[in-house]
Amino acid sequence: MSAAAASPIQVALVEDDPDLRDATFQTLTLEGADVVAFPDARAALEWLDADFPGVVVSDVRMPGIDGIAFFAALREIDRDLPVILTTGHGDIAMAVAAMKDGAADFLTKPYASADLIRAVRAASERRALALENRRLREEAGRSVGLAIPGSSAAAQRLRSVIDGVARSEIDVVLTGPAGTGKSHGARLIHDLSPRRSRPFVTVDAGVLVHEDAELLLFGRDPGAGQLSRTGLVERANGGTLFIDEIVAASNVLTTRLASLVEKREIWPIGAANARQLNIRIIIARLAEQPQGSLRDPAWHKLGAVQIAFPSLADRREDVPEIFRLFVARHAREAGLPAPAIGEAQWRHVQSHDWPGNLHELSGYARAFVLGLSELETPSSPLSGQRPLHAIVADFERTVLEDALRQCRGDIAEVQAMLQTPRKTIYDKLAKYDLKPARFRE
């Protein structure tokens, strides 16, 4: 801690003794800290919040709210907020108990300035790390939430699994019907992983069925007597290799890829020795393809976690939100204002089965944005052979979501817009698990 530091350590000092408060304030300030001093815990609690980036230094013996109660209150605000307690000899037992509950440190009065500075430095470093980890978690959560929208149980489960798996080094197998977002999920796992700054290489069916698939995948060594070439697999070294539509591979390629999974090494054409690789492997396959369709028993050595991507039929309540996002995206890409979504479009969105899943829904959204009327004509609400109550419930939920979004979660405004009693509004929100706070952001 020095006056020359670009970002001075911030300290909230709570001490009821004015002489000791002034002396401690001066000691920390001379060391380059940015100090705010308080005469009691109540004043400090009114000022501190979970975003405070620094350290709290507090006396234990204080009138009103003592240091132990103050510490407990700060734990309610932010369990990661570091608190250093200063105590008299009679308070050591209490301070030790507070340390067990998470206090950063305690100093026995009279304490040396050097001890205080050391404790503040150490606590400040831990605080900076905690806030950085929190920021990364929040960014990851926003990334997952934006990439996999929806409030259904299926969407929440998918977000949770991807968020957890991404941070590990484990290989992953993605399953699910065509068009459910497996390729997008593979990229998301990479972007949220420690390998995010390293290559992400996709091997798709076009590569796997190419006549030069072996060359494209594994490359050619200069020893082959021809121009050397780095294969796609080796380009993923240090990062993530995503193999999409793995069943398209021939028997020979399947065997070589299975060996890659097991040994993490490749033999380029003409190479005298194998090349060791550090890669994470993600494989995608259709849900209807049995595990045996991978054709080689060595695939079981992948040891991967499996993530099932649900069809839109399994998360129908998410379809309106996803459709809105697609409309906004395609309008932005086309440089057009996003058109208002009419009742006819909502009927079609809610009643259609979307067998093509996200791909089909995205295509419909693009056609709608571009004004292709022949694709705007809604199908019959009964075309999907769904019960009437399910169609009505989906439409009712969509109307409520639109109203909440337009009114930014203000229930009074929603009530006026829909001309519906407040109790009925709240009953419907509870029925569809719609939380107004979500729409106030």
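**View 1. Strand 1 meets strand 2.** Look in strand 2 for Asp-34, the bridge partner of Gln-10. Strands here are DSSP runs of E with at least two residues, helices are runs of H or I with at least four, and both are numbered from the N terminus. Strand 1 and strand 2 run parallel and are joined by five bridges. To get from strand 1 to strand 2, the chain goes through helix 1, a β-α-β crossover that is right-handed (with the strands pointing away from the viewer, the path from the first strand over the helix to the second runs clockwise). This is a predicted model, where local features need pLDDT of at least 70 and side-chain atom pairs count only at pLDDT 80 or more, while totals for chains, interfaces and linings use all residues. Residues are numbered from 1 along each chain as its sequence is written, and side-chain values use heavy atoms, leaving out hydrogens and water.

View 2. Five strands make an open sheet in the order 2-1-3-4-5, with parallel pairing (two strands pair if DSSP finds at least two bridges between them). Strand 2 (34-38) and strand 5 (105-108) sit at the edges with a single partner strand each, so one side of each has no neighbour in the sheet.

**View 3. Strand 1 meets strand 3.** Strand 1 (residues 10-14) and strand 3 (residues 55-59) run parallel, with four bridges joining them. Spot Leu-13 here: its bridge partner in strand 3 is Val-57.
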